[in-house]
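Reader: I am new to reading protein structures. Please show me how to read a few features.

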Amino acid sequence: ANVVTYNSAINACARCGDAERAEYWFEKMVKQGVQPGVLTFNSLVNACAKAPALDRAEHWLKEMPSHGVQPDDVTYSTVIHACGAAQEPKRAEKWMQTMLSMLNAKGEKPSSFCYNSVAQAWVRAGDVDRALYWLSEAERLGIEVTSASFNSVVSALTRARRSAEANELSAKMSSCGFSQSNGAARGQQRYNDRPRNGQQGPRRS
């Protein structure tokens with residue numbers, strides 16, 4: 001068997017999130033003296049991320065240099081997304097910073113996927129300021145912010161009763177050609193319609 005055969009086996013395990021089986025094929029590959037490449041590790045990391053086995057995904061990313069392979073943006077993106085899905089925004093942000101250092105050294109820009117993953121991870125953790133920071137960083141670098149990220153941050157701002165910022169971000173969404181999700185729009189409308197200073201709220205028929 002060659003590297004292509006083993007990569008196919010590990011990738012098949014990744015598609016169904018079978019980290020244990022993916023690791024089995026990787027270990028067999030190494031014992032057979034077949035040199036793994038970046039595609040091998042990306043599939044292995046992806047299998048662990050889908051399992052989910054975040055610690056194992058991080059382990060294999062760290063192990064890559066010992067096999068003469070350097071992580072690429074796909075490797076980092078997979079781990080960053082897995083951290084976000086596991087509601088571990090600090091871990092996602094740590095790997096984001098590591099990836100940015102690597103890409104800056106190469107003169108490359110990261111994909112929008114990473115910025116959006118980190119921003120949404122902070123929203124889920126209830127820290128809208130960190131989410132806003134990563135959205136602003138993406139915009140500063142000319143990296144596309146997704147509609148899902150805009151909507152999640154607008155909803156978080158609304159829940160935090162920061163209506164002016166929510167309205168400003170909604171306007172920015174519109175200028176980018178995005179529309180608010182129904183949930184974000186309803187939440188913002190409820191907040192804007194709330195009674196103020198003892199006044200009665202709008203009557204509904």
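Author: Begin with a loop. Pro-52 lies in the loop between helix H3 (38-50) and helix H4 (54-63). Helices (H or I, at least four residues) and strands (E, at least two) are DSSP runs, numbered from the N terminus. The peptide bond from Ala-51 to Pro-52 is cis, with omega near -10°.

Reader: What kind of model is this, and how are residues numbered?

Author: This is a predicted model: local features need pLDDT of at least 70, side-chain atom pairs count only at pLDDT 80 or more, and totals for chains, interfaces and linings use all residues. Residues are numbered from 1 along each chain as its sequence is written, and side-chain values use heavy atoms, with hydrogens and water left out.

Reader: How many helices and strands are in the chain?

Author: The chain has eleven helices and zero strands. From the N terminus on, the elements run α-α-α-α-α-α-α-α-α-α-α.

Reader: What share of the residues is buried?

Author: Buried means under 20% relative accessible area, exposed over 50%, partly exposed in between (1.4 Å probe, protein chains only). Here buried residues make up 41% of the 205 residues in the chain.

Reader: Which residues other than glycine have a positive phi?

Author: Gln-87 is one of them, with phi of about 55°. Gln-87 sits in the loop between helix H5 (73-85) and helix H6 (89-106). Its relative accessibility is 53%, so Gln-87 counts as exposed. Arg-161 also has a positive phi, near 60°. Arg-161 is in the loop between H9 and H10.

Reader: Why does Arg-161 count as exposed?

Author: Because its relative accessibility is 63%.

Reader: How many aromatic pairs does a search of the whole structure find?

Author: First, the rule. Rings of Phe, Tyr and Trp (its six-membered ring) pair if their centres lie within 6.5 Å; planes under 30 degrees apart count as stacked, over 60 as edge-to-face and the rest as tilted. The search finds seven aromatic pairs. Among them is the tilted pair of Tyr-6 and Trp-25, at 6.3 Å centre to centre and 55° between the planes. This pair links distant parts of the chain: Tyr-6 is in helix H1 (residues 3-15) and Trp-25 in helix H2 (residues 19-31), 19 residues apart. Tyr-6 is buried at 5% relative accessibility, whereas Trp-25 is partly exposed at 22%.

Reader: How far apart are the ring centres of Phe-26 and Trp-60?

Author: They are 4.9 Å apart, with 65° between the planes, and the pair is edge-to-face. It joins distant parts of the chain, with Phe-26 in helix H2 and Trp-60 in helix H4, 34 residues apart. Phe-26 is buried, with a relative accessible area of 3%. Trp-60 is buried too, at 6%.

Reader: Now pockets, please. Where is the largest pocket?

Author: Rolling a probe the size of a water molecule over the atoms shows where empty space is left. On a 1 Å grid over the protein atoms alone, a pocket is an open set of points where a 1.4 Å probe fits, with protein on both sides within 12 Å along at least five of seven lines; lining residues have an atom within 4 Å of a point. The lining of the largest pocket includes Leu-132, Phe-150 and Lys-172. Helix H8 (128-140), helix H9 (147-159) and helix H10 (163-175) each give two or more residues to that lining.
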